[in-house]
Amino acid sequence: MPEPPPPTTVAPPSGVAIGRWLTLVATLVFLAAGTARLAPQARLALHAEELRAASGVVTRSDVLEHGGRDYVTARVTLQYSVDGRTYVLQTSGRDGQSAPASSAEAFAIRHPVGARMAVFYLPDSPQISTLTRAPEIAADLGFLGFLAVVAVCLAWSLFHRRRRIKNEVHNAPGDAPR
């Protein structure tokens, strides 16, 4: 009589949650990038009463299309001088975020090439500047706060999982422990 084939074994599912790890890494990357992008604006907002004004000249003003007329941003470049040094401010109608076409075009029209306008800068760091005395960062801070909460929750779920002992024996009800 032929021997029966050996029993097949199925490997247990991996204990590594790849999807959660990738989500955590992506969240941390977006959190770091957003924080780096927002840091100068936050500094301007925190020191709004200390900002000084300089006269700037618009050197570039246009609307950039990103995949069609419904997804555009305005880009405006200004040159200004502080204590004999020339600085460049590149800004947009909504700080680089996409906006409806009408608002980007309106922002570019309000800032024509050659126009003189006030640029507000930090006295100790003139390269950090803005067109408004009070930059609005509340929405960005809210989004970064949300990302931080997501990152903490993901990290907690990855590192504080209930771990099973590898050689744990589960007896059926009524079985006596050995």
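**Note on the sheet and its tyrosines**

1. Ring pairs link Tyr 80, Tyr 87 and Tyr 121 into a cluster. Rings of Phe, Tyr and Trp (its six-membered ring) pair if their centres lie within 6.5 Å. Planes under 30 degrees apart count as stacked, over 60 as edge-to-face and the rest as tilted. The count by this rule is two aromatic pairs. In Tyr 80 and Tyr 121 the ring centres are 6.5 Å apart and the planes meet at 25 degrees, so this pair is stacked.

2. The model is predicted: local features need pLDDT of at least 70, side-chain atom pairs count only at pLDDT 80 or more, and totals for chains, interfaces and linings use all residues. Residues are numbered from 1 along each chain as its sequence is written, and side-chain values use heavy atoms, with hydrogens and water left out.

3. Tyr 80 and Tyr 121 are both buried (under 20% relative accessible area; exposed is over 50%, partly exposed in between; 1.4 Å probe, protein chains only).

4. Now the sheet. Strands pair if DSSP finds at least two bridges between them.

5. Look at S2 and S3. Seven bridges join these antiparallel strands. Ser 81 stands opposite Thr 86 in S3.

Terms used: Helix = DSSP H or I, 4+ residues; strand = E, 2+ residues; numbered from the N terminus.
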